[in-house]
Amino acid sequence: MVIATLIGLFLLLLIIGVPVALAMGLTSIVVAFQLDIPMSVLVQRMVAGVNSFPLLAIPFFILAGEIMNSGGISQKLVRLSDVIVGRFRGGLGIVNVNTSMLFGGISGSALADASSIGSIMIPMMKKKGYDTDYSVAVTVSGATQGIVIPPSHNMIIYALAAGGGISISSLFLAGIIPGILLGLGLMVTAYVIAVKRKYPAEKPSSFREILKAMREAIPGLLTGVIIIGGILSGIFTVTESAAIAVAYAFLTSFVFNRDVPISRIIPVLAQTFKTLALVLFLIATSSGFAWLLALLRIPTLVSDSLLGLTDNPILITLFIIIILLFLGTILDVAPIILITTPILLPIATSIGMDPIHYGIVMMICMAIGLVTPPVGGALFVGSAIGKIPVERVIKSLLPFYLCMIVILLLVAFVPQITMVVPNLFQ
Amino acid sequence: MVEKALIKARKITESLVLAMIAIMTLIICYQVVSRFAFNYTPPWIQPLSLLLMVWIGFIGLAIGIQDNTHIKINLFVSKMPERLQKVIRALQRILAFVFGVFMLIEGSKFSYSMKDSSISGINTPSAVLYVVVPIAGLLVTIYLLFECFGKWKAIGDEEVEE
């Protein structure tokens, strides 16, 4: 009975457009009332959800990305990618994906990536004669790499949703090869279509130009190196490395760069706060919600009934992937991670999947969700920048979807791809 | 008059939160420096930065509710007839108000019960951590009440995507 209320009420609230975080909060209140649990427990749970040290890294990662962005990092990364891969046919398409890969190593927000790189690359590609639908499709699918390539604040959310016990640095390391694989796959796809559509190549750059582009982009790229290097070497915790990245990004983008006035930090902070508020609200209420799920033994019930149907690990993995992809079409990344992890992770581990491996598979599913309608954050940002209807983008996205699904299945069924790097540093 | 006061109060709250984000970053950087330079980790840094984040989070959620910008599924509602949509929008705001009342009342009670325990490291009553819950409740309820009388406008309502 209580379980029916929990699931029914939650779904009903979602359908009538109540914000996801609020829906979890309200459902928890009603369920706690039914179970005679004192309301103070819920208040305490909500605060405890946010009151966690690893979580502190999230505001810093968002802030570091925003600062680099306002300091004009995207132009420099585009320039660097251009001198390296621009010379191939359809060069700008490959440049676009490559820029996103580099950007993902700094920021990790697919939406920031789509909007900042898209606003540079899409007009540039249009001018060189690329079709708009292709330009937008390349931009948005490329942007999704940010979620898989470390640092990714969604991985931190996953680690927390999994109830701690998962090392965030291992997750970051695990994302490297699947992220690069995804990027390479998208580049090949972009290239094949470009050859078919006879898109131009950029003229090869001289060695001097390459050096110049590198010199300009390296200070930005170092942010990623500081974060990953700091964590790997054990010098910093994840949170500290994120804070140092903010300080470093601030110095290079604002203090040593005369073009950007220091007062620009205010809108940067405001933008960070906006993103942060959404994430923290979700984390607060999902903490109470997940606690009630566990109390009602819902995760066990779901996994028992599923494992009763089949114990074939391949089928179960596919089942999990389909659920995640389906949710990805209608929901944003953070809510999916917070809602499904307590339920699906135990199933994944029961068929012998490592929680780190599962986390990365989930991130790739989420990446696909960002570019699938009706709700795909990156897709809408890209279409808005390209001023083109979403339907037209979707058509040219088809080969990119195919590529992403292939990479997803590869990563899901060959655990070594994910686990080799974290195991190396164990 | 009322509108001006509401906007002013919002501006002040926002500036305070932005300052908190900046302070939070600075003190964590200071922790790293202090550990390397003096081999000493000040014990107040971790609890203080967490306190700040909890405050930022709860004030942020209140502001998000005021503006109606939190992540939601618009898909089904946008397919419904215009009149039903209006009713549902009103219902959404009422539910948000209920949550505000919950935070206000239960948050106050819980904060009061925590007045005698303290957060280790910064010698502050735990109530300081929890009191942001009723504050967020207050920020939600007041603004939603005024929205109902047309004195406050949620920005999230206008930019409904297709």
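Helices (H or I, at least four residues) and strands (E, at least two) are taken as DSSP runs and numbered from the N terminus. The structure is a predicted model, in which local features need pLDDT of at least 70 and side-chain atom pairs count only at pLDDT 80 or more, while totals for chains, interfaces and linings use all residues. Residues are numbered from 1 along each chain as its sequence is written.

A:Gly72 lies in the loop that connects helix H4 (57–70) with helix H5 (73–85) of chain A. With a relative accessibility of 18%, A:Gly72 counts as buried, the term meaning under 20% relative accessible area, as against exposed over 50% and partly exposed in between (1.4 Å probe, protein chains only). The C-alpha atoms of A:Gly72 and A:Gly224 are 16 Å apart in space, and the two residues are 152 apart in sequence.

A:Leu315, located in helix H16 of chain A, is partly exposed at a relative accessible area of 47%.

The second largest pocket has a volume of about 640 Å³, and of its 26 lining residues A:Ile7, A:Phe10, A:Leu11, A:Leu327 and A:Ile339 are the closest to its centre. On a 1 Å grid over the protein atoms alone, a cavity is a set of points where a 1.4 Å probe fits but cannot get out, whereas a pocket is an open set with protein on both sides within 12 Å along at least five of seven lines, and lining residues have an atom within 4 Å of a point. At least two residues of this lining are supplied by each of helix H1 (2–15), helix H14 (265–295), helix H15 (298–309), H16 and helix H17 (333–350) of chain A.

Methods:
Chains lettered and ligands numbered in written order. Heavy atoms only, no water. Points joined across faces, edges and corners; volume = space filled by probe spheres on them.
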